[in-house]
Amino acid sequence: MLIAVIYFVLMFATVAALLWSGFELFREQEDPLGDRLEELHAHAMATAVRTQRRRGGGILNNVLYIISLVPGGDGWLHDTERELAQAGVRRRQALAYYAIFQIAFFAILVGTMAYLQRNNELTAKFGGMVSALLLGWLLPQQVLHRLVRRYRRKLQDALPDTVDLLGIVLGTGLALDQAMLRVSEEMEYIYPELAGEFATVVMQVKAGQERSKSFQQLVRRTGIEDIKSLSAMIVQSERFGTSLSQALKVYADSLRTRRRLRAEAAVAKAGVKMLFPIVLFILPALFVITLVPGVITVLRDLSQGLGPPR
């Protein structure tokens, strides 16, 4: 059973590496302005999503349409699309690729387990099939959750420096849109995730959307409270005509304080997290190294002392 689980994990890692390599090789360049112009033709985001899943329009759209017909499939597609957006994956084909990959992985894992368990007893077969079902369905979702957490962590780490630079650029007399575009250009190679989010907001405003709505969509895409506070500060400053550069400097200091507190909390948790590896792996090896030679010596002496007299 352990060998089969290891085999499945290695198989999944190999397939995932091959798929990711192909995706990186053949992916197209993102066009936020073009994507936003196409989205503005729809009345709402839900309408655009529903239109994308209609019958026809290519194999990928047909796959999404078939999945949406399954009970609960449309809700699963909506939740998956939101998590992909929060993980920084916003290409149109990403949802279809992920859905096909998860269904294929689920089917391959269940089929392989059924083939391996064909000659076993009913109890072992049931346990193996339940394990395959849970692993095949939950493992891709856990990978996606981890990508979301990693993307959010990168955005949070980039916020203090980016907000501070935005306040400095605003202090030179540039407008908000030009300042955000300038900051995104400067931070493109240091913090590409947050720079891309700022560039997307600027492109949406240039396409004719209200700035408040663009920042609302930024908050919805990222799901981070610090970005929500930043968006509310920018919108309120524009509405009431207050100085934004000074407010951004104060907010950048508070973000640095929060980042330092998060780092201190992570350091404090490190001791507790290291407890289990130490108990499970390091202490048994240490006991073997220190006690086994003495035990062997004692047993050898006892065997010689209890031997037949000469």
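Predicted model: local features only at pLDDT ≥ 70, side-chain atom pairs only at ≥ 80, totals over all residues.
Helices here are DSSP runs of H or I with at least four residues, numbered from the N terminus.

**View 1. Arginines gather on the surface around Arg 150.** Arg 150 is found in helix α7, which covers residues 122-171. Arg 150 has a relative accessibility of 41%, so it counts as partly exposed, a class that lies between the 20% and 50% cut-offs.

**View 2. Gly 128 is a buried residue of helix α7.** The relative accessibility of Gly 128 is 1%, and buried means under 20%. Look for Ala 114 as well: Gly 128 and Ala 114 are 14 residues apart in sequence, and their C-alpha atoms are 8.0 Å apart in space.

**View 3. The largest nonpolar core has 33 residues.** Val 163, Leu 166, Met 180, Ile 227, Leu 230 and Leu 248 have the most contacts inside this core. Two or more residues come from each of α7, α8 (176-186), α9 (192-206), α10 (211-222), α11 (225-240) and α12. Helix α7 gives the largest share, eight residues.

**View 4. Nonpolar side chains form a surface patch of about 910 Å².** The patch is made by Val 272, Met 274, Leu 275, Phe 276, Ile 278, Val 279, Leu 280, Phe 281 and Ile 282. One of these residues, Phe 281, lies in helix α12, residues 244-305. Phe 281 is exposed because its relative accessible area is 60%, and exposed means over 50%.

Key. Residues numbered from 1 in each chain as written. Heavy atoms only, no water. Patch = residues over 30% accessible without salt bridge, like charges linked within 9 Å, V, L, I, M, F, W, Y side chains within 5 Å. Areas by Shrake-Rupley, 256 points an atom, 1.4 Å probe, with all protein chains shown as cover. Salt bridge = Lys/Arg side-chain N within 4 Å of Asp/Glu carboxyl O. Buried < 20%, exposed > 50% of the residue type's maximum accessible area, 1.4 Å probe, protein only. Lys, Arg positive; Asp, Glu negative; His and termini not counted. Charge placed at Lys NZ, Arg CZ, Asp CG, Glu CD. Core = buried A, V, L, I, M, F, W, Y, C linked by side-chain atoms within 4.5 Å.
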